[in-house]
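Biologist: Could you put the sequence and the model up, so that we can go through them together?

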Amino acid sequence: MNRENAVEVIDVSKNFGSYQALSSVNFEIRENEFFTMLGPSGCGKTTLLRMIAGFETPDTGRLLLHGRDIVDIPPHKRRVNTVFQSYALFPHMTLAQNVAFGLENLGWDKARITARVGEMLERVHMSAFANRKPAQLSGGQRQRIALARALAPKPEVLLLDEPLSALDLKLRQAMRDELRTLQRDTGITFVFVTHDQEEALDMSDRIAVLGSGEVQQIGTPLQIYEEPSNRFVADFVGETNFFEVDVLKATEKTATVRTPFGQVISVPSPAQVPVGKATLSIRPEKLNLGDQVEGVDFLAEVVKKQYLGGYTHYLLSAGGVEIRASRRNASRESDTIAVGSPVHVGFIEGSARVLAA
Amino acid sequence: MKLQHDVKRYPGLGIISTVFFIYLYAPLGIVVLYSFNANRITSVWTEFSFKWYGSALNNSALMSALKTSLTVAAIATVMATTIALLAALSIIRGKNVRYRKLSETMVNLPLLLPEIVLAVATLILFSLIGLQNGMVKLVIAHSAFCTPFAFLPIRARLQGMPLDFEEAATDLYASRWIVFRRVTLPLIFPGLFAGAMLAFLISMDDFITSNMLSSGGTTTLPVYIFSLIRAGTSPELNAIATMLIVASLVLATVALTVAGRGQRTDAT
Amino acid sequence: MSEATAHHADTPRRRRQINLPYVGLAPAWLLMIFALIIPILIIIAVSFAVRGAYGGFDWGFDLSGYRQILFNEGWTGEMEFTPQYLIIILRTILLATVTTVLCLILAVPVAYWIAGQPGHRKSVLVFLVTLPFWMSMILRVYAWMIILGKDGPLLRFFEFFGAPSGMTFMYNDGATLAAMVYTYIPLMVLPVFASIEKLDGTLIEAAHDLYGNRWTTLRRVILPLTAPGIASGGILVFVPAFGAVLEPTLMGGGKQMMMGSLIQLQFGGGRNWPFGAAIAMILMMLVMLVLVGLALRSARNEVES
């Protein structure tokens with residue numbers, strides 16, 4: 001099946017005064033996918049979302065919704081709906097009236113609206129509350145109504161602006177599953193904005209990592225975590241160690257480098273790195289500690305450790321370089337490494353990554 | 001003596017405040033009390049009587065002044081509230097508006113100038129352009145000084161309302177007009193209502209400007225009361241005062257209840 | 001204008017976004033220009049005009065309106081210093097200032113006490129403070145005429161304890177002051193209350209925790225943090241008190257005038273418009289001076305903090 005693009009962002013730039021919020025951003029969002037824009041605050045992700053919704057106008061560039069340029073279409077004529085971070089449920093209307101609002105503006109007839117509102121409230125398990133006002137709801141319930149209201153008009157794309165950030169931890173996890181299910185069931189393209197990497201990794205089909213007004217990387221959650229294309233992505237998504245290395249030889253896919261611990265190893269890289277200085281990135285859980293380590297092997301001293309229940313984090317030092325490692329506590333007696341003692345550290349070459357410095 | 005440990009309490013404030021509220025209401029209470037005195041000399045109590053109310057209600061000059069005041073206040077309230085609403089929407093919600101601050105100062109200007117200066121200034125203007133109609137003069141001047149009183153609550157309400165609601169409505173396919181009618185207007189209604197009530201009150205209560213501008217046929221209630229006071233205190237005046245006090249009480253209760261209800265529905 | 005702006009103006013959506021606010025602001029501007037700006041400009045001109053032979057004025061440039069404030073023209077045209085209007089100006093400044101200060105001294109403890117009351121009681125008390133403001137101002141002054149007046153309860157009370165008959169509380173500055181404080185006090189209590197209520201209670205606890213007593217806490221924590229409310233209450237009381245007409249006219253009698261009642265007198269009988277306009281200008285200037293001074297102060301405070 002030929003998958004059409006739901007949204008195309010072409011060369012979009014936006015300045016707020018002298019502050020450049022977005023600089024020449026390009027990407028596309030595919031039909032029916034759960035697409036996440038992930039990035040720290042101020043990275044431009046919310047600006048992009050508001051552009052697709054129509055609340056911001058790009059200074060330059062084009063925005064296509066199913067192939068049509070929408071830059072000059074006012075927000076109330078775009079078949080796109082938003083779940084606001086604050087939910088923005090109309091406080092003077094009942095929940096049913098809130099859900100019906102968009103349908104009324106689209107000119108649906110009464111019977112169809114009633115049926116659709118009932119269906120949507122059913123879908124988010126809120127039928128019993130149809131005649132309540134938003135002020136009488138809990139955070140999670142408001143979230144559900146905001147979803148029902150935005151999905152009721154069957155938008156071409158649903159935009160979600162950090163919708164889980166106002167919920168407490170337990171509820172947030174439950175809502176992730178619900179959102180994912182809702183997306184699969186409705187088949188509507190979801191564009192989700194968050195600064196929470198775990199949310200992004202858990203729910204998305206594809207993630208765009210944004211930083212300083214630019215797209216840093218687009219890919220599946222696995223690609224983003226395992227194959228970061230630059231330091232920003234490796235650092236922002238998950239934890240990692242950065243070691244300064246000397247590149248001796250490089251191709252498009254791998255680089256041969258000398259580590260600060262003395263070994264010469266061949267490590268995958270996202271693009272050809274120039275000979276000279278580069279950065280080696282390796283995640284703490286990919287470092288093995290103990291007597292029988294595989295792959296690259298060197299000695300380090302344990303400086304500090306943090307017992308966190310399921311895991312123990314270690315801060316190590318080797319030749320003046322700080323190393324963070326973490327180990328799963330598979331049994332009660334797993335944690336045998338003492339502070340101050342030397343320990344073998346090892347990793348498999350393929351799990352590290354060489355990035356431009 | 002447990003309360004002594006509450007550091008937020010200052011001793012003696014309760015007594016001061018009690019005295020304050022007595023001070024606030026005792027003078028009005030005395031007027032009300034005297035209005036029921038049958039004796040022509042107000043402070044010499046003879047017996048309880050409603051007779052001054054009867055004579056007040058049969059006073060045609062009073063009734064005509066009341067009618068003038070109500071007419072002027074009603075028209076000025078509609079004008080001031082409409083102008084204030086448009087200005088507040090433009091200043092708070094308008095995009096790319098230049099001179100926002102200046103426009104706001106402009107709307108609030110009547111609050112910053114002593115009323116007597118404005119009153120004589122308008123008097124001179126109207127006499128220069130030869131405007132004779134007392135009603136028109138009063139309506140124009142009242143609309144001007146009522147506008148900031150209508151403006152301030154509307155602006156406060158609009159400013160306190162996040163853009164999200166209007167954006168959500170637009171997102172749900174509402175046109176500009178629908179957004180205004182179904183979302184903005186209902187949500188700012190308490191502010192709009194409070195502003196209109198305030199404008200009405202200020203217009204009804206105005207003495208300084210009305211005294212300057214009113215002529216024979218267009219005497220407002222405060223100007224008429226002033227002339228009565230000038231003629232000397234009378235029990236009929238006390239009856240008029242009492243009726244006005246009761247009317248204000250009702251009006252204020254209604255206004256503040258509506259505004260209060262608005263605040264409750266905000267609790268989202 | 002650049003090409004880009006011209007291009008933007010072509011798309012109908014953007015044009016509407018730019019123009020609607022100005023359409024909305026137009027009525028307010030028109031009204032204020034017609035009913036405020038133009039009259040103020042005219043009164044400035046009139047203050048320099050010549051007194052007309054039969055009341056009113058004739059255009060011209062003449063300083064006699066202002067000169068008259070300080071000097072009286074004798075039969076032979078010599079200028080004689082007369083302090084009577086200067087005294088009125090000074091009385092106005094004094095009474096307005098004392099009114100503001102008295103309102104403040106009364107308002108702070110009351111507002112603080114109200115702010116400390118439990119929820120429902122608090123809203124009832126705020127309502128009670130607001131209520132007199134909804135009642136006719138002229139009636140509130142009138143109430144004080146009854147209280148202080150001949151045969152009034154206060155005089156009766158003193159006569160009962162042997163005060164000489166013929167004594168009166170009316171027609172002096174004290175009577176004017178009593179009515180002014182009474183009519184303007186709600187305007188002070190409300191803003192002061194609003195800023196005290198916003199005050200974070202833990203700040204007071206923190207002050208005590210750091211060994212401050214009630215007085216230190218009041219002086220160094222509560223008052224500085226409620227300064228914005230005190231300032232806006234001060235303006236709300238000072239501006240109308242400075243231009244007061246009713247209180248001096250009714251309570252002060254014909255003799256103890258303030259600038260407001262003096263201006264009214266000059267226009268009321270069509271007596272001397274240029275002189276009235278000159279007094280009005282002085283009044284406006286003095287108020288502006290105070291407002292600009294306060295604005296500068298608060299601007300400086302904002303920069304500092």
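This is a predicted model: local features need pLDDT of at least 70, side-chain atom pairs count only at pLDDT 80 or more; totals for chains, interfaces and linings use all residues.

Modeller: Residues are numbered from 1 along each chain as its sequence is written, chains are lettered from A and ligands numbered from 1 in the order in which they are written, and side-chain values use heavy atoms, with hydrogens and water left out.

Biologist: What share of the area buried between chain C and chain B comes from carbon and sulfur atoms?

Modeller: Contact here means heavy atoms within 4.5 Å, and it takes in 86 residues of chain C and 90 residues of chain B. Buried area is the accessible area (1.4 Å probe) that two parts lose on being put together, summed over both. The total is about 8,000 Å², and the carbon and sulfur share is 80%.

Biologist: Which three residues supply more than any others of the area that chain C buries against chain B?

Modeller: Together they give 11% of what chain C buries there. The trio is C:Trp134, C:Tyr142 and C:Arg214.

Biologist: Which helix gives the most to the side of chain C that touches chain B?

Modeller: Helices (H or I, at least four residues) and strands (E, at least two) are DSSP runs, numbered from the N terminus. That side of chain C divides into 69 nonpolar, 11 polar and six charged residues; nonpolar covers Ala, Val, Leu, Ile, Met, Phe, Trp, Tyr, Cys and Pro, charged covers Asp, Glu, Lys and Arg, and the others, Gly among them, are polar. With 24 residues, the top contributor is helix 2 (residues 12-47) of chain C.

Biologist: Over in chain B, at what angle do helix 3 and helix 10 cross?

Modeller: Axes are lines fitted to C-alpha atoms, for helices over the stretch in contact, and angles run from 0 to 180 degrees between N-to-C directions. Helix 3 (residues 60-93) of chain B meets helix 10 (residues 221-230) of chain B through residues including B:Leu62, B:Leu66 and B:Tyr224. The contact has seven nonpolar residues, one polar and no charged. The axes come within 8 Å and cross at roughly 150°.

Biologist: Which strands are the edges of the six-strand sheet in chain A?

Modeller: Two strands pair if DSSP finds at least two bridges between them. This open sheet runs 6-7-8-3-9-10 with mixed pairing, and its twist averages 20° from one strand to the next. The strands that pair on one side only are strand 6 (80-83) and strand 10 (214-219) of chain A.

Biologist: And what is the bridge partner of A:Phe34 in strand 8 of chain A?

Modeller: Strand 3 (residues 34-38) and strand 8 (residues 189-194) of chain A run parallel, joined by five bridges. The partner is A:Phe190.

Biologist: Which residue takes a positive phi in the hairpin of strand 1 and strand 2 of chain A?

Modeller: Strand 1 (residues 5-16) and strand 2 (residues 19-30) of chain A are antiparallel over eight bridges, with A:Glu8 opposite A:Glu28. Two residues lie between the strands, and the one with phi near 65° is A:Gly17.
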